[in-house]
Amino acid sequence: MWRPRASGRSGHARLCAGIFCALFILYSASRAASADQAPRPLSFGITAVFPVDQENFLSDWKRYLETRLGRPVQFVRRKSYAEITDMLLSGQLDAAWICSFPYVLNRQQFRLLATPVFHGEPYYRSYLIVSADDHKTRGYRDLKGKVFAYVEPRSNTGYLYPRYRLHQLGLDDRQFFRDTVFTWAHANVIRAVAEKMADAGALDGYIWEVIRHRQPALAIRTRVVARSDKFGFPPIVASASTSEETAGKLKKILLEMHLDPDGKRLLDKLDLDRMILPSPSIYDSVEAMVGTLAGKLALRP
Amino acid sequence: MIPHLSFRYRIPINLAAAALGTALLISGFVLWHDIQSIHHDADFAANQLGLLLANTLAKDLAIDDQWQAYLDLTAPFRDNRENWLLPAFAVVIDGSGKTLVSSDPKRFPLALSATALKAYLPSILDMAAHTIRQPAYLERDHFHFHIRPISSNSQFLATLVLGFEDDRLWPRYLLSIQQIAIGTAVSILLLLPLGWWLGRRLARPLTELQQCVTRWADQSGDKEATQCAVENHHGELGLLARRIQQVSQQLSERKQIEKQLAHTERQAALGRLAAGIAHEINNPLGGMLTAIAINKRHGHDPTVAKDTIDLIERGLQQIRGIVAALLVEVKPEERTLEPKDVQDIARLLGTKLRGKGLHLAIEDTGWEHTQLPAGPVRQVLLNLLLNAIQASPENTRIHLSLQADTDQLVVRISNTGPPIPAEQQQRLFEPLVGNNPDGNGLGLWISDQIVHRLGGKIQLYSTTEHTVFEVCIPWEKSNESC
């Protein structure tokens, strides 16, 4: 009497197991499909060439780029320009906003996407600053025996230009200065000079202006002693390994940022007018300095 | 503390003082403990800071990152310049004494010899060279330095010097003192009134007891007045109050008995006088009867008539004097002692004196009027004189002197006769001890009680020649002149 019931129960169990297995396979397949469909994030390297610490700027810009690119964007920050440059060269990054100096060192490997326009032109300068209460210093010549703050070894305005300037004056920084310090950020040069850790420093004039505008308490503790000639503004470049399509899409977005309110608001946060694709020749003066100092700088291609 | 002050104030003051003392003692201990803690915390913090900085700076200096070293070294100082746990400065020097990085670049400029460390820089370098892992300490010029080597992979990189000002802890001490002082002041403000209130509460039954005892003493025998709330008090005070009331009642009963005894004794003394007085009255009566008989027979002679009438008058006056003196004894009036009271007593004792052929010599320095009550003093004089008459051999002299001083009356009664033995002298003023066969043994005891009540005392000097009773009574009871 009870046999058929027993076989009936076992039939039910098999049916349930089958349904469960089917559901699991369906679920796994859908997961795999969605993983294939999700676009790889665009890796965007950022450096100290712009004031990255502006409130919510990066998250707003990330959202802005993701919406227009139709794929996630991942910002990658490293301490030095060299690290970002290496990642760009090795294809670990799709694009990056880098300094003019590493750009000219690797012009052949990078594709110029856009150059910001600051105060109406795609140029910036190197500022020589001293403490606000130092009223004697008038230029590099007066800094003999002082402690000098650089930004970092791959900075144009914060290292290449001051070295070049000393070279022009027939001076060698190692003997001329009592000590030199790399501070790894333009804002840190201002702080080092303001706190008198260093007697003087060289930095991106654009950054100093933005800080004077947005954090005047720090900037007014320093005084700009000398301004260099104009150099091409730090560009946004794409890695050689980035697809034409991605690079083109990104370039279009950047160049049109100033045309829509969200993009304009982001540019305003950085005190920039817009982005343009300039003639590569605006970076020639940087390249010339590199050429002049080639023997003195330990430069890699 | 203040021995003459009432318990009503002494207990609250003592309790308040105890509260104050306790508050101060606890505050002192807390302050001491606080200062120990501050020291301990400061030492601990200095060591921890040194250890942390040395470890962090080792990583920075190993890769020659001077800026990161600056950030790490100055991090504890950011916005904390007034913190008492921090050193005045932190400086990292290389083997030659040059500054690699410092928390105060103005004081210790980079890449220059750390001359701000003055003459003791060589000592610091020397100590740094000899300390491998443990920090070294150096105290100079109101500073103490924590000196710690910075090394990476056992390789010496630099020396970290933390300079602590010796007096940096003072603001913290002062803050501690200030906080504890406020705490102490608040607790004293609370405890003092509490101590005072508790003291008053404790002292209240004592004060009540004192008032009750005063009342019992003043209004002895009055049952209504002896009611006292403190009797219902539980504990020692209630017990004490009940015992004092018992004793007080016993005392008042005893006083009552004494009063009755005194009355009885006065009656007895009068009894001892009665025969003499009768004789005193009888004598003039005999004279007067004779005078009347003469007058009847020879009354027509005006001279005889006048003489007999005079004789009768003298006799009557003598009787009147005796009766007057007697009346005072029988019915003592509420009046003060006067010189005539002495005369009265002499008169009452006349027969007794004459019976033994005694002569009473009265030496009176002369006094007018006193505040002393006449009745009790007369009773004392009468008792002592009766004793003197009894003790005197026949045909001798009894000497009574009354000497009025500025603050007391001194009465001396001396008689000759056998001296009173020493062992009897000791118990002479106790009741029922006297050796007078005529007396009831209460005379001296009553006299002593009366004199005591008047604030005076009786002294006895007995030699082979004289026995002298000296009674000293102050004019005013409160005056302790005797």
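A salt bridge here is a side-chain nitrogen of Lys or Arg within 4 Å of a carboxyl oxygen of Asp or Glu. The legends below describe close-up views of a predicted model.

**View 1. Salt bridge between A:Lys79 and B:Asp65.** The closest N and O atoms of A:Lys79 and B:Asp65 are 2.5 Å apart, so the pair falls within the 4 Å cut-off. The rule finds two salt bridges across the interface of chain A and chain B. Residue pairs in polar contact between these chains number five, counting pairs with both residues at pLDDT 80 or more.

**View 2. The side of chain A that touches chain B, by element and residue type.** Two elements of chain A, β8 (179–182) and α7 (186–194), each give two or more residues to this side. The largest share, four residues, comes from β8(A). By type, this side of chain A holds six charged, six nonpolar and three polar residues.

**View 3. Area buried between chain A and chain B.** Chain A brings 15 residues to the contact and chain B brings 13 residues. About 1300 Å² is buried between the two chains, with carbon and sulfur atoms giving 57% of this area. On the chain A side, the most area is lost to chain B by A:Arg178, A:Glu195 and A:Met197, which together make up 44% of what that side buries.

**View 4. Hairpin of β1(B) and β2(B).** Strands β1 (residues 89–93) and β2 (residues 99–102) of chain B run antiparallel and are joined by three bridges. B:Val92 has B:Val101 in β2(B) as its bridge partner. Five residues lie between the two strands, and B:Gly97 in the turn has a positive phi of about 95°.

Conventions
Residues are numbered from 1 along each chain as its sequence is written. Chains are lettered from A and ligands numbered from 1 in the order in which they are written. This is a predicted model: local features need pLDDT of at least 70, side-chain atom pairs count only at pLDDT 80 or more; totals for chains, interfaces and linings use all residues. Side-chain values use heavy atoms; hydrogens and water are left out. Contact means heavy atoms within 4.5 Å. Buried area is the accessible area (1.4 Å probe) that two parts lose on being put together, summed over both. A polar contact is a pair of N or O atoms within 3.5 Å; within protein, one must be able to donate a hydrogen and the other to accept it, and residues adjacent in sequence count only if both atoms are side-chain atoms. Ala, Val, Leu, Ile, Met, Phe, Trp, Tyr, Cys and Pro count as nonpolar, Asp, Glu, Lys and Arg as charged, and the others, Gly among them, as polar. Two strands pair if DSSP finds at least two bridges between them.
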